[in-house]
Amino acid sequence: MTPHTTLSNQTVPTTPVGRYAPSPTGRMHLGNLYSALLSWLSVRSRGGRWVLRIEDLDPQRSRMEYARLIEDDLVWLGLDWDEGGLDDRGHHGPYSQSRRANIYEDYLNRIIATGYTYPCTCTRADIMATQAPHQSDGRVIYGGRCRPKRMPDFTAHAGIKCATRLYVPDEEILFTDRVYGPQRVNLTHECGDFILRRADGAWAYQLAVVVDDAQMGVNEVVRGSDLLLSTAQQVYLCRLLGFTPPAYAHVPLVCNSEGRRLSKRDLSLNMSELRTRYSARDIIGKLACMAGLIPEPSPCTASELIQLFDWDKVPKSMTVCVE
């Protein structure tokens with residue numbers, strides 16, 4: 001079943017609009033800053049605007065104090081934003097996802113009206129029991145246990161907790177990443193039908209991020225290489241909703257000296273520790289060297305790197321390690 005109905009039109013803005021969308025679940029680490037700096041430099045080098053959006057969809061882990069620290073750390077590093085933040089600067093707010101539920105509800109209802117969604121009562125344990133992890137990254141592809149053979153009837157599930165899952169067609173999504181080049185992803189075999197809203201009512205990242213980027217005029221997304229595959233799902237949702245997908249640039253994940261991907265549990269490389277040991281210029285210089293913008297990790301400001309920025313300089317590897 002391939003969607004053919006578009007629901008709205010979006011005018012592509014001429015001004016580059018990038019965004020940084022951190023989750024306030026802990027202090028930022030060097031890997032978060034790597035993506036933030038490259039996103040900021042990309043739009044600043046072309047006279048664009050930068051949006052700060054707080055992705056606090058997870059109520060159990062998100063904390064307001066972390067959101068405030070994110071803003072403070074960005075200001076300390078010289079990464080200013082033109083729109084968004086906790087004060088909802090701009091005309092496309094609110095800029096915290098926890099306050100955008102009514103917007104997501106509206107767009108979910110539009111998608112449901114197309115007939116390409118269905119109620120799913122599967123638990124994660126159910127899915128894990130029937131499908132082996134995909135490739136080597138631990139992903140699990142939904143096997144279609146709840147997928148109906150005809151148009152689903154949501155009223156038949158009244159009173160039953162169920163997720164809203166989206167059909168995906170057996171076709172390839174094509175897009176070009178600014179770092180990793182042309183990509184081909186088969187939605188059925190590499191993604192599977194995916195969740196738009198969980199059984200507990202929480203909004204899924206894929207729907208929220210597509211709606212937010214479109215409504216906020218974002219036309220460039222810079223983020224870690226671990227999200228490269230999810231781009232196909234987002235391009236598909238953009239098509240279904242009539243949005244023009246943004247340009248995507250996925251950047252290498254930052255790993256520690258032992259080769260492990262950084263997490264917010266790596267206290268030695270998060271901002272609470274880094275700010276006690278290094279200046280903002282030291283950190284920016286280190287990140288710039290890792291991004292291939294300067295040959296040595298010499299102290300500098302973010303503004304001094306604007307004229308040096310070029311996507312062709314950014315490493316094409318999937319990871320970069322902190323030395």
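Select Tyr 34. Beyond its neighbours within four places in sequence, Tyr 34 contacts Val 251, Pro 252, Val 254, Leu 287, Met 290, Ala 291, Val 314, Pro 315 and Val 320. Contact means heavy atoms within 4.5 Å. This is a predicted model: local features need pLDDT of at least 70, side-chain atom pairs count only at pLDDT 80 or more, and totals for chains, interfaces and linings use all residues. Residues are numbered from 1 along each chain as its sequence is written, and side-chain values use heavy atoms, with hydrogens and water left out.

**The core around Tyr 34**

Tyr 34 and Leu 74 have the most contacts inside the largest nonpolar core, which has 92 residues. Such a core is a set of buried Ala, Val, Leu, Ile, Met, Phe, Trp, Tyr and Cys residues joined through side-chain atoms within 4.5 Å. Buried means under 20% relative accessible area, exposed over 50%, and partly exposed in between, with a 1.4 Å probe and protein chains only. Now colour helix 1, residues 30-44: nine core residues come from this helix, the largest share. Helices (H or I, at least four residues) and strands (E, at least two) are DSSP runs, numbered from the N terminus.

Zoom out for a moment. The protein has nine helices and 14 strands. Of its 323 residues, 52% count as buried. Among contacts with a separation of 6 or more, 75% join residues 24 or more positions apart.

**Asp 73**

Go to helix 2, residues 64-77, and pick Asp 73. Is Asp 73 buried or exposed? Asp 73 counts as buried because its relative accessibility is 0%. Show its partners too: leaving out residues up to four places away in sequence, Asp 73 touches Arg 27, Met 28, Met 271 and Arg 275.

**Helix 9**

Select residues 280-290, which form helix 9; Ala 280, Ile 283, Ile 284, Gly 285, Leu 287, Ala 288 and Met 290 are buried there. Residues three or four places apart in an α-helix point the same way, because the helix has 3.6 residues a turn. What do the buried residues of helix 9 pack against? They pack against helix 1, helix 2, strand 13 (253-255), helix 8 (271-277) and strand 14 (319-321). Step just past the end of helix 9 to Gly 292, where phi is positive, about 80°.

**The second largest pocket**

Stay with helix 9. It gives three residues to the lining of the second largest pocket, the largest share. Helix 8 and helix 9 are the elements that give two or more residues to this lining. There are 13 lining residues, and Leu 30, Leu 274, Tyr 278, Lys 286 and Val 322 lie nearest the pocket's centre. The volume is about 210 Å³. On a 1 Å grid over the protein atoms alone, a pocket is an open set of points with protein on both sides within 12 Å along at least five of seven lines; a cavity is a set where a 1.4 Å probe fits but cannot get out; lining residues have an atom within 4 Å of a point. Points are joined across faces, edges and corners, and a volume is the space filled by probe spheres set on them.

**The cavity**

One cavity of 30 Å³ or more is present. The largest cavity has a volume of about 50 Å³. Show its lining: Val 209, Val 210, Asp 213, Ala 214, Val 218, Cys 238, Thr 244, Pro 246 and Tyr 248. Helix 6, residues 205-215, gives the most, with four residues.

**Strand 11**

Select residues 220-224, strand 11: five of its five residues are buried. Two strands pair if DSSP finds at least two bridges between them. Strand 1 (residues 17-20) pairs with strand 11 in the parallel sense over two bridges; Arg 19 stands opposite Val 221. Strand 12 (residues 247-251) runs parallel to strand 11 and is joined to it by five bridges. Here Val 222 stands opposite Ala 249.

Last stop: an open sheet of three strands, in the order 4-7-10, with antiparallel pairing. Neighbouring strands are turned by 45° against each other on average, direction ignored. Four bridges join strand 4 to strand 7 (residues 163-166). Thr 117 has Leu 166 as its bridge partner.

Helix 7 (residues 230-241) touches strand 7 and strand 10, at about 55° to the direction of strand 10. Axes are lines fitted to C-alpha atoms, for helices over the stretch in contact, and angles run from 0 to 180 degrees between N-to-C directions.
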